[in-house]
Amino acid sequence: MTHSPLKSATVVAMSALMIMGAAPPPPAGAPQRRLARDGEVSVAACREVGITLQREVAQSDVVVTGTRMRRTGPQSSMPMPPPPPPPPTPPPVAPSPIPRLEARAATTQYAVAPPVMHPSVAPRPTPDTERYPDATPNPVRRVADEPVSTFSIDVDTASYSNVRRFIDEGRAPPADAVRVEELINYFDYGYDRPTSASQPFAITTVVAAAPWSPGRQIVHVGLQGYELPAAQRRPLNLTFMVDVSGSMHSPDKLALAQRSMNLIIDRLRPQDRVAVTYYASDVGTAVGPTPGDQKLKLRCAVAALNAGGSTAGAQGMVNAYQQAEAAFGADKVNRILMFTDGDFNVGVTENQRLEDYVAAKRATGIYLSVYGFGRGNYQDARMQTIAQAGNGTAAYVDDLNEARRLFGPMFDRGAFPIADDVKIQVEFNPARVSEYRLIGYETRMLNEEDFNNDRVDAGEVGSGASVTALYEITPVGGPSQIPERRYDQNRIGVGGGDPNGEIGFVQVRYKLPGEADSRLIQRVVSNSGQPARSTQPPESTRWALAVAAFGQRLRGDPWMPADYGWDQILEQAQGARGDDPYGDRAEFVQLVRAAQGLPARTVP
């Protein structure tokens, strides 16, 4: 099959940014030969599958080491324009306080062709325009007034890797960049696993002393999802929606996104389909829905992407949804994967309009996940909005190690859903609990009445994923954080009941994929039969507490006492590292050490 040119001659002349004229069809009557379905990406190999590269692709073109990337080898076959005048010399940046492990070579590597830039679209220094959702830490609530807490689950991890990026650079992250629940949910806690896809969650609860607040306690709620066997994983209908605007012209952006897409291509099965679309000043389709065993064709389409021009993100969405609809199947997982820094500057750029459009498309069965790249103009607020509206996940890729984590075996947790619209509701017993606050989930809060309303959207959970939530509670008679009221009838009672009885009641509501009506799981929260408070809580709880303390301290939560500092957090983490086969917990300990020496933010 031949492909029409992907961009008009005018656009190519203006920006020289995109691929790709199709390879000419063979002459009539020429003998047919079987095309390669996999192999090394090269000009000749890609020409055979109908894709023209601008230059030969060599493995040495992109070298990735930890959070730093450098280019080697020839940059382009065309002469480059003279460089623009150098910008003012910035102040020196402190070296990274955390030595990251050098990224190991992937099993199959396909280097990315460097962008061919026209002088008019050569990259310029980018001002810092990063944007994050405004989220005030959850308040302490009086159980007598608001006994019920309801929120949508969140399995995103974007905040953790983005915070790590800031700390690696020797900078304190903005407070709004720290979403504590995403830091907590970055880690695996080894919860008991469910055994049935029809009831895809197992609930774990623990009550433990709050290490930073004597006299208060932590209610740890863990939700473990069912892991689908390979035979139960539906075919994938994926659409890569790739930002190739000028702001992506950076090794930590488009080049890293291309490596990420190749990791996904490695995992594709013959029954899967993938389309590769792009957007910049204009939009286009590098390759339409293509079987997963035609890996070479997909890799060539990815390798041919180059960056330049402005960012027509909304128009790119329309094109991506059209490709997803072309291969749509009710028996498939239909999902768009967006690779971007989130910087839309052409056409519709208002978050609310984008959210409404993506939410309407979600109702058709096509979900959208967002993967963020780069620094300086990273638009986290927009990406969170889009991913939540699209029933997708939001992640941030700060280096190749994180790409391998997200798009290796863990990719299944986002690719194959086990439940939609998952909501958690916790009701506290006023005879046992006087106050509570939910740690994190500020952007995921729901009204109490939303829990039973199946028309209210909530989060999606993928195969084998887990969700963790922590509440800090004040037992009746404990050190209240809310002052006593003036009038007797407005005051809290003294409580009562069995001291080993119920603290609260957890309910989880979810829909199985494709179903319209929700199902319900319930679990009592009690410290009856648990170890005495003088003994240590389980390792998983102690680790979650260390991460929660780190996030709260990092963003300056008002509920963290001044005397519970980095040393105490470090001690808590060191005592709960346990089995750490991938080194995630060891890396976190190093993050805590580095955070101790971060200078205070001196600019907005």
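Which residues have the most contacts inside the largest nonpolar core? I would like to start there, after a word on what we are looking at. This is a predicted model, in which local features need pLDDT of at least 70 and side-chain atom pairs count only at pLDDT 80 or more, while totals for chains, interfaces and linings use all residues. Residues are numbered from 1 along each chain as its sequence is written, and side-chain values use heavy atoms, with hydrogens and water left out.

To the opening question, then: the largest nonpolar core has 85 residues, and those with the most contacts inside it are Phe-201, Phe-240, Val-276, Phe-339, Phe-407 and Phe-428. By a nonpolar core I mean a set of buried Ala, Val, Leu, Ile, Met, Phe, Trp, Tyr and Cys residues joined through side-chain atoms within 4.5 Å, where buried means under 20% relative accessible area, exposed over 50%, and partly exposed in between, with a 1.4 Å probe and protein chains only. The element that gives the most to this core is helix 5, residues 251–267, with seven residues. Apart from this core lies another, of 40 residues, among them Leu-470, Trp-566, Ala-595 and Leu-598. As general background, nonpolar side chains in soluble globular proteins tend to be buried together.

Phe-407 shows how such a residue is surrounded: leaving out residues up to four places away in sequence, Phe-407 touches Ser-260, Leu-263, Ile-264, Arg-267, Phe-339, Tyr-371 and Val-397, a contact being heavy atoms within 4.5 Å.

For the chain as a whole, there are 14 helices and 18 strands, both taken as DSSP runs numbered from the N terminus, helices being H or I of at least four residues and strands E of at least two. Of the 604 residues, 56% count as buried, and among contacts with a separation of 6 or more, 80% are between residues 24 or more positions apart.

Let me return to helix 5, which has 17 residues and reaches 24 Å from its first C-alpha to its last, close to the 24 Å expected at 1.5 Å a residue; the expected span is 1.5 Å times one less than the number of residues. Helix 5 is mostly covered, with 14 of its 17 residues buried.

How do helix 5 and helix 6 cross? Their axes come within 10 Å and cross at roughly 170°, the axes being lines fitted to C-alpha atoms, for helices over the stretch in contact, with angles from 0 to 180 degrees between N-to-C directions. The two helices are therefore roughly antiparallel to each other, given that angles under 35 degrees count as roughly parallel, over 145 as roughly antiparallel, 65 to 115 as roughly perpendicular and the rest as oblique. Gln-258, Met-261, Asn-262, Ile-265 and Asp-266 of helix 5 make this contact with Lys-295, Leu-298, Arg-299, Val-302 and Ala-303 of helix 6.

The torsion about the S-S bond is about -85°, so the disulfide is left-handed. Cys-46 is buried, with a relative accessible area of 0%, and Cys-300 also counts as buried, at 0% relative accessibility.

Next, some backbone details. Most residues other than glycine have a negative phi. Asp-421, however, has a positive phi of about 50° although it is not a glycine; Asp-421 lies in strand 13, residues 417–428, and counts as buried at 11% relative accessibility. Tyr-441 likewise has a positive phi, near 65°, and sits in the loop between strand 14 (433–438) and strand 15 (459–462), where Tyr-441 counts as buried at 0% relative accessibility.

Finally, helix 7 (residues 313–326) holds Ala-314, and Gly-316 is placed in helix 7 as well. Gly-316, buried at 2% relative accessibility, has its C-alpha 6.6 Å from that of Tyr-278, 38 residues apart in sequence. Beyond its neighbours within four places, Gly-316 is in contact with Met-241, Tyr-279 and Val-283.

Terms used: A disulfide is a pair of cysteine sulfur atoms within 2.5 Å.
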